[in-house]
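This report describes a protein chain at the level of its pockets, its packing and its backbone. The sequence and the structure are shown first.

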Amino acid sequence: MNSSKTKEPFNFGKFYGKYGTLLILIVIFALASLLVPNFINPINLRNVLLQNAVVILLAYGATFVIILGHINVAYGAELAFIGCFACLVMSYTNNVLLAFLAAIAVGMLIGLINGYIITRFGIPAFIMTLGLQTIARGGALLMTDGSPVSMVGYPAFNWFGQGYIGFIPSSVVIMILFFILVLILLNKTPFGRYVYAVGGNENAAIASGIKSKSVVRKAFLLDGFITAIAAVVFMARQASGTPAGGVSYEFDAITAVVVGGTSLAGGVGNVFGTLIGALIVGIVNNVQNLLGVNTYWQQVIKGLIILFAVIIDVVTKQSATKAKH
């Protein structure tokens, strides 16, 4: 008796979309454990999380922006500007709550400005944030006169980057809490559905009654909020407000998002993938440091990783499209 059911042919795009990033993480972790001395040392694994907490936080915000088909290339400069401002408030007032709220206010203001100008004047997000990068970096240098703002002697502030809740580092706890927050926002709220709709097809979203400009502005506002949290953690970990800090963090955050399966074309992505992508990038960086790889080669390898991720994105989309026809 012949069965009327036919086995569905293997589709690379669907398979990679579901399991690809996780499998890559497992393979990289296994290889590093076998081939790199001290990699699986608990202290080293803890350091991987600590060193990448800021990048992971930035990547959470970047996920919303990139799903919408936009991009923010100013994260490093924003870290410096927001973080230095918070450190100055802390040094003048000795009030950690005020410093924390000041950072959030500045971060959300930057996000509000980004979202408004991008939607009001139709300026590409890349150009807008490229200009912001220079402004923020210059602003950080101006407010500090080019000198670091020491946070030594301010344990309440430094707790955000150096403290512990039980045996878990505070920065890792913050990272986990924000993972839960953004996961809920993206998957369980109308705002999250609107983000996917606008990123996938803005004209269709508008036709269905979604206010696309409002969605973009809210996404950049959220991005600014999360960047502010990351800035406080970043400066607290160093116990110093460094105006020259955060260089290339935008690259690491965007790489984490893209490696995690979020499409630069918009409409596709998830926060769990972003977390996995960030861990992949963090482990690769850690392995290179443990092996003593030349810094210049590390930059080459980072560039190859994001290029590979973009190629995979294109291939999976083409594969998924063929499967529909």
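This is a predicted model: local features need pLDDT of at least 70, side-chain atom pairs count only at pLDDT 80 or more; totals for chains, interfaces and linings use all residues.

Residues are numbered from 1 along each chain as its sequence is written, and side-chain values use heavy atoms, with hydrogens and water left out.

**The second largest pocket**

The second largest pocket has a volume of about 280 Å³. Asp252, Asn285, Asn289, Gln298 and Lys302 are the closest to its centre among the 15 residues that line it. A pocket is an open set of points on a 1 Å grid over the protein atoms alone where a 1.4 Å probe fits, with protein on both sides within 12 Å along at least five of seven lines; lining residues have an atom within 4 Å of a point. The volume is the space filled by probe spheres set on the points, which are joined across faces, edges and corners.

Helices H2 (42–67), H11 (249–259), H12 (271–291) and H13 (295–324) each supply at least two lining residues, and H12 gives the largest share, 5 residues. Helices (H or I, at least four residues) and strands (E, at least two) are DSSP runs, numbered from the N terminus. The lining of this pocket comprises 3 nonpolar, 10 polar and 2 charged residues. Here Ala, Val, Leu, Ile, Met, Phe, Trp, Tyr, Cys and Pro count as nonpolar, Asp, Glu, Lys and Arg as charged, and the others, Gly among them, as polar.

**Core and contacts**

The largest nonpolar core has 93 residues, of which Leu57, Tyr60 and Phe157 touch the most other members. Such a core is a set of buried Ala, Val, Leu, Ile, Met, Phe, Trp, Tyr and Cys residues joined through side-chain atoms within 4.5 Å. Buried means under 20% relative accessible area, exposed over 50%, and partly exposed in between (1.4 Å probe, protein chains only).

Contact means heavy atoms within 4.5 Å. Residues up to four places away in sequence not being counted, Tyr60 touches Met175, Phe178, Phe179, Val182, Ile226, Val271, Thr274 and Leu275. Thr274 is located in H12, and with the same exclusion its contacts include Ala59, Tyr60, Thr63 and Ala256. Thr129, in helix H5 (residues 125–144), is in contact with Ile71, Asn72, Val73, Ala74 and Asn114, leaving aside neighbours within four places in sequence.

**Helix H8**

In H8 (residues 190–200), Phe191, Gly192, Val195, Val198 and Gly199 are buried. They lie on the same side of H8 because they cover an arc of only 130° around the axis, the arc being that of the directions from the helix axis to the C-beta atoms. These buried residues pack against H2, H7 (170–188), H9 (202–207) and H10. Exposed Arg193 and Gly200 are carried on the face turned away from the buried side.

**Positive phi**

Most residues other than glycine have a negative phi. Asn94 has a positive phi of about 55° and occupies the loop between H3 (75–93) and H4 (96–121). Ala239, with phi near 55°, is in the loop between H10 (212–238) and strand S4 (240–241).

The table lists the relative accessibility of single residues discussed above.

| Residue | Relative accessibility | Class |
|---|---|---|
| Asn94 | 56% | exposed |
| Ala239 | 14% | buried |
| Thr274 | 1% | buried |
| Thr129 | 0% | buried |
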